[in-house]
2 protein chains.
Amino acid sequence: MVLKAGNLKPIPNTVDTLKSGSPEMVVNGIVTTMFATTAVIEQAVKLGANFIIAHEPTFFNHVDNKEMVPNNPVVKQKAELLARHNIAVWRCHDYIHSIKPDVVGYGFLKKTNWLQYYKPTDKYTITLPDATLQQMVQHLKQTLNIPHLRVVGDLNQQCRRVTLIPGAAGGLMQMTAAVADQPDVLVVGEVSEWETAEYFRDGNLQGRKMALIVLGHSYSEEPGMEYFVEWLQPKLPGIKITHIASGEPFKWV
Amino acid sequence: MVLKAGNLKPIPNTVDTLKSGSPEMVVNGIVTTMFATTAVIEQAVKLGANFIIAHEPTFFNHVDNKEMVPNNPVVKQKAELLARHNIAVWRCHDYIHSIKPDVVGYGFLKKTNWLQYYKPTDKYTITLPDATLQQMVQHLKQTLNIPHLRVVGDLNQQCRRVTLIPGAAGGLMQMTAAVADQPDVLVVGEVSEWETAEYFRDGNLQGRKMALIVLGHSYSEEPGMEYFVEWLQPKLPGIKITHIASGEPFKWV
């Protein structure tokens with residue numbers, strides 16, 4: 001259905017498969033979220049929704065291999081919870097990023113009030129009114145409800161040209177974008193500290209004005225899963241679709 | 001020399017190669033560090049040391065491929081800085097972890113005053129006196145000079161059994177240790193948020209007492225590079241060896 005509505009071709013070897021439940025199940029309610037955590041599953045049960053669309057894995061690795069660590073008690077208990085309540089979980093990762101425009105990036109721009117600066121030809125590099133890195137951080141924390149985040153760079157640096165790569169795209173993609181697009185600031189979900197973060201540290205030590213904002217993986221893509229409700233609901237008028245934010249796993253101390 | 005002193009066999013395809021300089025150079029001073037950042041290189045120059053032993057990459061990817069992103073200005077300028085000052089950088093990652101006991105883990109235990117609880121047969125799972133997660137976090141922040149860190153779990157949880165995996169060992173190794181060793185708390189340098197952190201989140205939501213402390217990659221292994229001076233200096237009495245902490249790349253805002 002998502003493929004047809006999004007005018008997408010099937011992606012070979014996609015990770016977007018059912019992680020629990022079966023294709024024959026009758027859907028009586030849908031929840032979208034970043035992670036189908038135990039808390040999200042319990043809230044879905046309360047809502048009477050038996051179909052969770054999660055952007056990221058349910059069983060803690062990219063292909064949701066439940067036997068990656070054999071006899072894993074957390075995996076076992078989670079699978080039992082899903083089975084007991086007859087909840088289907090479908091990952092929607094590769095397809096949602098393939099929709100034009102990418103639903104995750106679009107949802108991010110909508111939530112941050114940056115859609116007005118978005119030109120579809122520019123991918124997700126946008127030009128904003130002048131602001132310092134400090135001001136941009138405050139804006140992102142406020143609009144995305146992020147209590148804490150990490151940056152590399154000078155908080156007084158001017159930021160106009162912004163490249164957005166929500167999620168954990170990896171060092172190759174993040175550094176390629178930094179070199180190719182030459183943004184004042186690269187905004188990402190998650191980095192390998194020893195790759196992208198060190199690249200930005202050295203760039204700054206060389207006197208370059210190049211900043212990195214690391215939002216947290218969950219915060220960076222949750223607006224996409226929230227916007228996905230708006231995208232999907234008109235295509236399924238008979239089924240209630242609700243977004244539940246799974247939030248971040250960490251306490252910052 | 002490190003191989004001989006550590007009684008190690010050559011590791012095929014090791015990443016522990018010279019990143020600048022040549023084997024013929026005469027070493028007139030050594031610096032150990034986590035990352036040979038621009039700041040560390042400049043400090044080495046001031047110390048008159050022309051050989052930097054860094055635990056992690058110099059050019060922002062695991063194999064230090066300078067062409068991973070072609071025409072990368074930060075990479076180019078950093079290579080020029082090293083060439084201008086005739087500084088050799090050698091990565092010591094695979095070998096230092098192969099020394100028995102692993103110098104990185106040993107240095108960590110020394111710095112945290114936990115060597116007294118260490119039994120070589122136990123790898124790096126140790127049993128400590130009773131403490132809450134909050135108290136353990138405070139101890140680690142204080143002994144390792146960490147201003148901020150992230151945890152998953154209940155700060156009031158009791159922590160006695162601790163498994164240490166400094167660095168960014170990856171989800172497979174981290175979750176395998178969590179299942180196999182059943183520690184009260186797993187202490188790591190860096191995680192993929194969407195793998196190990198979510199695993200610990202779900203474990204806690206299931207009512208398990210299992211905590212994760214994420215120290216930061218650099219903080220978690222720097223004590224190993226500091227202790228490496230103590231290990232190496234007696235073997236090279238004629239050369240001054242200095243540790244320079246490269247610190248973390250982030251500002252927390």
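The model is a predicted one, and the contact between the chains takes 64 residues from chain B and 64 residues from chain A. Chain B can be laid on chain A by a turn of 180° and a shift of 0.0 Å along the axis, with an RMSD of 0.0 Å, and the two copies are thus related as by a two-fold rotation axis.

**Symmetry of the pair**

- Among the residues of chain B, B:Ser192 comes closest to the rotation axis, with its C-alpha at 3.9 Å.
- The copies meet through the same surface, because 100% of the interface residues of chain B are also interface residues in chain A.

**Area of the interface**

- The size of an interface is often given as the accessible area that is lost when the parts come together.
- Between them, chain B and chain A bury about 5500 Å², and 62% of this area is on carbon and sulfur atoms.
- Three residues, B:Trp194, B:Phe250 and B:Val253, supply 15% of the area that chain B buries against chain A, which is more than any other three residues supply.

**Polar contacts and the elements involved**

- Between chain B and chain A, the count of residue pairs in polar contact is 30, with both residues of each pair at pLDDT 80 or more.
- Several elements give two or more residues to the side of chain B that touches chain A, including the helices α2 (38–47), α3 (73–84) and α9 (217–232) and the strands β6 (150–152) and β11 (251–252) of chain B.
- The largest share of that side of chain B comes from α8(B), which provides 10 residues.
- Sorted by class, the side of chain B that touches chain A has 31 nonpolar, 19 polar and 14 charged residues.

**Strand pairing across the chains**

- Strand β6 of chain A, residues 150–152, pairs with β11(B) in the antiparallel sense over two bridges.
- The bridge partner of A:Val151 in β11(B) is B:Lys251.

**Salt bridges**

- Side chains of opposite charge can pair when their charged atoms come close.
- Two salt bridges are found across the interface of chain B and chain A, and in a salt bridge between the chains the side chains of B:Asp202 and A:Lys78 meet at 2.6 Å, N to O.
- Over all chains, the count comes to 18 salt bridges.
- Within chain A, A:Asp64 forms a salt bridge with A:Lys19, and their closest N and O atoms are 3.2 Å apart.
- A:Asp64 lies in the loop between β3 (51–54) and α3 (73–84) of chain A, while A:Lys19 lies in strand β1 (residues 18–20) of chain A, so the pair ties together parts that are 45 residues apart in sequence.

Note on methods. Residues numbered from 1 in each chain as written. Chains lettered and ligands numbered in written order. Predicted model: local features only at pLDDT ≥ 70, side-chain atom pairs only at ≥ 80, totals over all residues. Heavy atoms only, no water. Contact = heavy atoms within 4.5 Å. Buried area = accessible area lost by both parts, 1.4 Å probe. Salt bridge = Lys/Arg side-chain N within 4 Å of Asp/Glu carboxyl O. Polar contact = N/O pair within 3.5 Å; in protein donor to acceptor, adjacent residues only side chain to side chain. Helix = DSSP H or I, 4+ residues; strand = E, 2+ residues; numbered from the N terminus. Nonpolar A, V, L, I, M, F, W, Y, C, P; charged D, E, K, R; others polar. Pairing = 2+ DSSP bridges. Least-squares fit on C-alpha atoms with pLDDT ≥ 70 in both.
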